[in-house]
Amino acid sequence: IFLSNKATNHNENDITFPQAVTILTKEAEPTKKVAAADMDIDASESPSFPPPECTTDQKKNRTFCCAQNWQHNLDHWWQHHPDWEISKETEDTYCLSPMKDPQRASFLRDTVYPLQWQSNCSNVYASLQTSSGYSATVGLLGKAFLTAVLKNQTTFQWSRRIEEFIWRYANQNGTGICPTADMECYFLKISNCTAEIKQNNGFDQDLYKKEGDETGKNIVWLRSYLARPKLWVRRRIFKLVKEQTQQLSQPCTVIHVRRTDVALELKQIKKRHYFPLSDYLEKTSDSNILLLTDDDSTIKELLDFHIHQRNWTYLPRKRYTGPEGGFLGFFPSGDVIYEMVIILTEVALARQCHKLVHTRSGFAKMLAQEMRLAHPFKNIETIRIDAGRQPNHTFYISPEEFFQKMNKKRKEYQEGEKDSSTS
């Protein structure tokens with residue numbers, strides 16, 4: 001965990017930049033204990049649950065196969081029906097249906113599934129599961145998965161650097177939150193085959209580019225296959241989405257503001273910068289905005305300057321301000337399960353919108369991909385506000401200067417409000 005020393009001589013309305021960042025090895029205490037009782041980690045291993053009950057809606061021309069209730073676990077069934085997707089969730093139950101996109105369904109059913117579940121496991125292609133951010137982990141695995149399926153026509157599986165490896169999002173105070181301590185804690189198994197420790201076959205960069213890099217359909221479909229949430233995860237996501245959907249009207253634009261540790265990136269040529277929220281708002285005329293951000297200063301900026309300009313939806317949660325969490329500091333709450341559920345809830349909410357405004361970010365790419373999966377026959381517009389912009393052309397040069405400008409703007413705004421009230 002990364003802790004910082006903050007300046008103490010500041011106005012309570014000011015946003016402060018950490019004067020020093022200290023790297024410690026000890027993890028912070030969690031905000032709450034891991035609710036292991038809510039996690040049926042091994043359910044996907046057991047086919048003991050009865051199959052879903054299926055009906056066909058003639059008006060919608062779609063089949064719905066539904067669980068009896070949320071206690072009826074269909075993880076194992078879904079695991080072996082990769083061409084199906086979650087189509088309905090209510091307080092009482094959830095349903096799966098055949099995928100709307102016939103190309104995607106055919107690819108997963110006829111090409112991917114036989115390699116993953118019907119091979120003899122004698123030739124497994126593997127990639128190390130990195131302990132980085134969520135989108136970076138899934139993104140790298142997706143590239144290797146693409147190589148395994150399209151170039152080698154063989155089974156893919158993720159591997160571990162060491163036997164005791166614990167994935168960042170499955171590591172609660174040095175202990176795995178489930179027996180495998182990896183992505184399988186949250187997501188369905190991808191194969192019955194296993195990989196060797198340290199096995200890392202990499203990926204074919206030329207194939208990746210040929211397939212369209214981040215926009216190629218095959219890699220998007222494979223990444224989605226890698227991250228099908230288990231029942232206990234989807235139940236938590238459903239509860240959070242239901243709370244927020246009451247505020248999120250259509251049509252809507254997703255604004256993704258990535259700040260925090262990007263200011264600590266060492267590669268100057270690719271270094272990312274903070275942009276004011278107004279820069280994002282200029283790119284959309286939609287009244288309904290879903291704001292996704294890892295930074296508390298963004299929320300403060302919204303409340304101070306833009307709250308009455310649009311209809312806003314955002315998740316109220318603990319966030320870092322600027323880079324105070326340190327590099328790769330993704331857990332301001334101290335609870336890895338909560339943080340993972342928040343990420344997946346933001347993805348679920350974003351799938352309801354038709355436009356995305358963002359800066360360079362792996363998570364933003366994932367959001368765009370998920371929005372296109374949710375609406376395979378609609379145009380999803382994405383606008384990257386930092387494309388082609390150099391640091392000296394932006395609103396600020398550094399996070400310190402950015403916060404200074406925001407604080408100055410805030411004081412000017414407050415003084416203007418005071419003058420108008422007295423007159």
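Me: At 1% relative accessibility, does cysteine 353 count as buried or exposed, and which word applies?

Reply: This is a predicted model, in which local features need pLDDT of at least 70, side-chain atom pairs count only at pLDDT 80 or more, and totals for chains, interfaces and linings use all residues. Residues are numbered from 1 along each chain as its sequence is written, and side-chain values use heavy atoms, with hydrogens and water left out. The scale is simple: buried means under 20% relative accessible area, exposed over 50%, and partly exposed in between, with a 1.4 Å probe and protein chains only. With a relative accessibility of 1%, cysteine 353 counts as buried.

Me: Which cysteine does a disulfide join to cysteine 353?

Reply: A disulfide here is a pair of cysteine sulfur atoms within 2.5 Å. For cysteine 353 the S to S distance is 2.0 Å, and the cysteine joined to it is cysteine 252.

Me: How many residues apart are the two ends of that link?

Reply: Helices (H or I, at least four residues) and strands (E, at least two) are DSSP runs, numbered from the N terminus. Cysteine 252 is in strand E11, while cysteine 353 is in the loop between H9 and E14.

Me: Is the link of cysteine 252 and cysteine 353 left-handed or right-handed?

Reply: Cysteine 252 is buried, with a relative accessible area of 0%. The angle about the S-S bond in its link with cysteine 353 is -105 degrees, and the link is left-handed.

Me: What pattern do the disulfides of the protein follow?

Reply: The count comes to 5 disulfides. Another of them joins cysteine 121 to cysteine 193, at S to S 1.9 Å. With bonded cysteines counted along the chain, the pattern is 1-2, 3-4, 5-8, 6-7, 9-10.

Me: How many salt bridges are there?

Reply: Side chains of opposite charge can pair when their charged atoms come close. The rule for a salt bridge asks for a side-chain nitrogen of Lys or Arg within 4 Å of a carboxyl oxygen of Asp or Glu. By this rule the count is 18.

Me: Which parts does the salt bridge of arginine 234 and aspartate 75 link?

Reply: The two side chains meet at 3.9 Å, N to O. Arginine 234 is buried at 6%, and aspartate 75 is buried at 1%. Lying 159 residues apart, they link helix H6 (residues 231–245) and helix H1 (residues 75–79).

Me: What is the relative accessible area of arginine 259?

Reply: Arginine 259 and glutamate 301 meet in a salt bridge of 2.9 Å, N to O. Glutamate 301 lies in helix H8 (residues 296–306) and arginine 259 in the loop between strand E11 (252–257) and helix H7 (277–281), so the pair ties together parts 42 residues apart in sequence. Glutamate 301 counts as buried at 1%, and arginine 259 is buried too, with a relative accessible area of 0%.

Me: Is arginine 351 buried or partly exposed?

Reply: Glutamate 370 forms a salt bridge with arginine 351, the closest N and O atoms being 2.7 Å apart. Glutamate 370 is buried at 17%. Arginine 351, with a relative accessible area of 27%, is partly exposed.
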